[in-house]
Amino acid sequence: MKYCFLILNYMAVNETIGCIKSIQNNYCAYDYYVVVVDNGSTNNSVQILKKFFIEDKRIYIISQNKNLGFAQGNNVGYRWCKEKLNPDFIIICNSDIIFQQKDFLKLTTEKYEYYKFDVMGPDIQRKISGDTVHQNPHALFLESGDDVLNSIKENELVISRLKNSILYRNKFIIINYFQHVKEGVKSTFPAIVSGIRKIKKNRSVTNNIWKTERLDCVLHGSCLIFSKKYIDKHEEAFYPFTFLYGEEKILYFLLKKENGIMLYTPDLMVIHKHGASTKLVNKKIVNNELFRRENSLKSLQILFSLINKQENTKE
């Protein structure tokens, strides 16, 4: 079996090096390759990575002139892996993912032989205030068209307030400050800080649903394993018209539409270091939130359009 790890790097060279080293340290006995797509970094990431891994012929660095976003950046690497390496599995992971499990690739093959999955997600563990949060399953089911529409309206409202209300912006900055000072404490203004409201039973953060292997659930986008079955049928990993956020829900919708198999298993595990650093509290926080909201809104609008199109087709 041939395994290809695909890492999207943007201005995060140290995290990318850490991810690659964790692969090198654990899977040297396997037929694997690492493909890094640099998404237009301006901090010499490409030169640093090439120099650091110059002696490892299994590592390839692909440079892009501009930031293509999550979906298109990963699609560039996915197509390269498919055409140049012809792997049995493409493991797409964020640059801040760490692999520690020695039998990760062995179990990947075993799970495929049993389930014949298209896409699989592992248990993704993230430390928050000393507690371990399990980010998979990302959701047990996909929201209805009406729920997605409500999320669109909520994002539009928050964006408008952040742009036009000084009081609202100041309130957001204060709340953000206290969240970072004492991370893990629930905010009294969840509509501002927490993002789109989630139905508790549809989340894995606060309960034990992560312990159960399950089919047909939405997987977290920070680590996804695409099988040969999926690779042979698809020229791209992700729907190409989003920039950032919401890709995993669109992937789930499209895969379910073609009766594909999406599998979550707790038998595989990775560490997600996302959110380890604390950002400075200043006006930039509002810009970051606007960026997140506006890109989430675009992804939600695309998802709603796809759902609506399918419902109209049924009629």
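**Figure legends: close-up views of a predicted protein model**

**View 1. Helices and strands of the protein chain.** The protein chain contains 10 helices and 10 strands. The model shown is predicted. Of its 315 residues, 50% count as buried.

**View 2. The buried residues of helix α2.** Helix α2 spans residues 45–52, and Ser45, Val46 and Leu49 are buried in this helix. Because these residues cover an arc of only 95 degrees around the axis, they lie on the same side of α2. Buried here refers to a relative accessible area under 20%.

**View 3. The elements that cover the buried residues of α2.** Which elements cover the buried residues of α2? Among them are the strands β1 (2–9), β2 (31–39) and β3 (59–64). The cover also includes the helix α1 (13–26).

**View 4. The largest cavity and its lining.** The structure holds 1 cavity of 30 Å³ or more. The space in the largest cavity is about 40 Å³. Its lining is formed by Phe238, Tyr239, Thr242, Glu247, Ile250, Leu251 and Leu254. How many residues of this lining are nonpolar, polar and charged? The lining of the largest cavity has 5 nonpolar residues, 1 polar residue and 1 charged residue.

Terms used. Residues numbered from 1 in each chain as written. Predicted model: local features only at pLDDT ≥ 70, side-chain atom pairs only at ≥ 80, totals over all residues. Heavy atoms only, no water. Helix = DSSP H or I, 4+ residues; strand = E, 2+ residues; numbered from the N terminus. Buried < 20%, exposed > 50% of the residue type's maximum accessible area, 1.4 Å probe, protein only. Arc of directions from axis to C-beta. Contact = heavy atoms within 4.5 Å. 1 Å grid on protein atoms, 1.4 Å probe; cavity = no way out; pocket = protein on both sides within 12 Å on 5 of 7 lines; lining within 4 Å. Points joined across faces, edges and corners; volume = space filled by probe spheres on them. Nonpolar A, V, L, I, M, F, W, Y, C, P; charged D, E, K, R; others polar.
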